[in-house]
Amino acid sequence: MAALASLPPLPPQFKSIQHHLRTAQEHDKRDPVVAYYCRLYAMQTGMKIDSKTPECRKFLSKLMDQLEALKKQLGDNEAITQEIVGSAHLENYALKMFLYADNEDRAGRFHKNMIKSFYTASLLIDVITVFGELTDENVKHRKYARWKATYIHNCLKNGETPQAGPVGIEEDNDVEENEDAGATSLPTQPPQPSSSGYDPSNMPSCGFTGIQIPPGAHAPANTPAEVPHSTGVTSNTVQPTPQTVPAIDPTLFNIVSQGDIRLTPEDFARAQKYCKYAGSALQYEDVSTAVQNLQKALKLLTTGRE
């Protein structure tokens with residue numbers, strides 16, 4: 001991918017989008033689709049903050065140039081031309097990054113890559129709002145990820161040992177005001193995955209305020225996976241890990257669409273979204289998530305219910 005023209009200095013008014021723009025830069029080569037939508041979110045948010053003062057207008061103009069250049073480079077990529085595909089791609093990527101950090105947290109492996117993954121996941125959930133309102137689940141994921149990043153960062157900074165796994169969020173602690181702490185001292189470019197003791201097949205379920213994390217999920221391609229505990233393995237070959245595939249509802253095999261079922265345009269859109277989610281999950285070899293979404297689509301199309 002051709003290098004993009006640099007942006008002018010960030011106006012102080014746009015401080016709230018600086019980390020989203022940094023995430024965009026980090027993903028220019030790793031995942032240009034993610035990079036594109038991070039910039040689109042920054043553009044839309046910046047327009048709402050200040051589109052009139054000269055420095056802000058100049059910055060937004062240059063950012064728009066980057067967006068147009070990216071869109072041209074990505075061509076007919078379905079994740080750019082079709083919102084449903086783009087939304088599924090971004091949501092799956094954010095969830096996989098969240099799952100990686102959550103797995104490291106539960107295992108008591110506290111390090112900068114894990115903190116950065118939690119915080120980046122929260123930023124990417126912000127970005128999902130370019131497609132509309134967030135689901136309640138995504139709102140909970142974002143709040144938990146951002147709080148966890150801040151909490152673990154502060155513990156390590158103060159020489160304390162963080163509590164592993166889900167813990168109650170202190171409601172009187174303003175996570176938004178402390179968001180800079182969640183990104184402070186983190187590597188600008190996350191290192192590439194390395195051989196480690198990380199086993200995504202051992203992902204436990206999360207019970208934090210109703211969030212259900214599916215087991216057997218994989219971290220996305222190029223998700224930071226460097227942990228401080230070496231297993232002594234020097235080979236870079238990644239071995240396939242067994243996955244827990246959800247039980248398939250046997251009634252789905254015998255269902256024949258009934259003539260009196262009338263599906264609405266919204267039903268078709270939801271079914272298509274489930275199929276796109278399944279396709280995106282398969283890109284990460286996440287069989288469990290793919291099967292679950294395909295079952296949802298099949299049930300919706302054959303019964304008119306979810």
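1. Tyr144 is buried, at a relative accessible area of 0%. Here buried means under 20% relative accessible area, exposed over 50% and partly exposed in between, with a 1.4 Å probe and protein chains only. The model is predicted, so local features need pLDDT of at least 70 and side-chain atom pairs count only at pLDDT 80 or more, while totals for chains, interfaces and linings use all residues. Residues are numbered from 1 along each chain as its sequence is written, and side-chain values use heavy atoms, with hydrogens and water left out.

2. The whole structure contains 7 aromatic pairs. Rings of Phe, Tyr and Trp (its six-membered ring) pair if their centres lie within 6.5 Å; planes under 30 degrees apart are stacked, over 60 edge-to-face, and the rest tilted. Phe118 and Tyr144 form an edge-to-face pair, because their ring centres are 6.3 Å apart and their planes stand at 85°. Phe118 belongs to helix 6 (residues 112–127) and Tyr144 to helix 7 (residues 136–157), so this pair ties together parts 26 residues apart in sequence. Helices (H or I, at least four residues) are DSSP runs, numbered from the N terminus. Phe118 is also buried, with a relative accessible area of 0%.

3. What is the length of helix 7 from its first C-alpha to its last? The 22 residues of helix 7 reach 32 Å, close to the 32 Å expected at 1.5 Å a residue; the expected span is 1.5 Å times one less than the number of residues. Its buried residues include Asn138, His141, Arg146, Trp147, Lys148 and Cys155. Just after helix 7, Gly159 has a positive phi of about 75°.

4. Tyr151 is also in helix 7, but is partly exposed, at a relative accessible area of 22%. With neighbours within four places in sequence left aside, Tyr151 is in contact with Pro162 and Gln163; contact means heavy atoms within 4.5 Å. The C-alpha atoms of Tyr151 and Ile115 are 9.3 Å apart, and the two residues are 36 apart in sequence.

5. Two packed helices are described by the angle between their axes and the distance between the axes. The axes of helix 2 (residues 32–49) and helix 5 (residues 83–106) come within 10 Å and cross at roughly 100°. Axes are lines fitted to C-alpha atoms, for helices over the stretch in contact, and angles run from 0 to 180 degrees between N-to-C directions. Helix 2 and helix 5 are therefore roughly perpendicular, the term used for 65 to 115 degrees; under 35 counts as roughly parallel, over 145 as roughly antiparallel and the rest as oblique. Val33, Val34 and Tyr37 of helix 2 meet Gly86, His89, Leu90 and Tyr93 of helix 5. Tyr37 also forms one aromatic cluster with Tyr36 and Phe131.

6. Ala271 lies in helix 9 (residues 265–283) and is buried, with a relative accessible area of 4%. Not counting residues up to four places away in sequence, Ala271 touches Ala297, Leu300 and Leu301. Ala271 and Ala297 are 26 residues apart along the chain, with 4.6 Å between their C-alpha atoms.

7. Is Asn293 buried or exposed? At 8% relative accessibility, Asn293 counts as buried. Asn293 lies in helix 10 (residues 287–303). Leaving aside neighbours within four places in sequence, Asn293 is in contact with Tyr274, Tyr277 and Ala278.

Terms used: Helix = DSSP H or I, 4+ residues; strand = E, 2+ residues; numbered from the N terminus.
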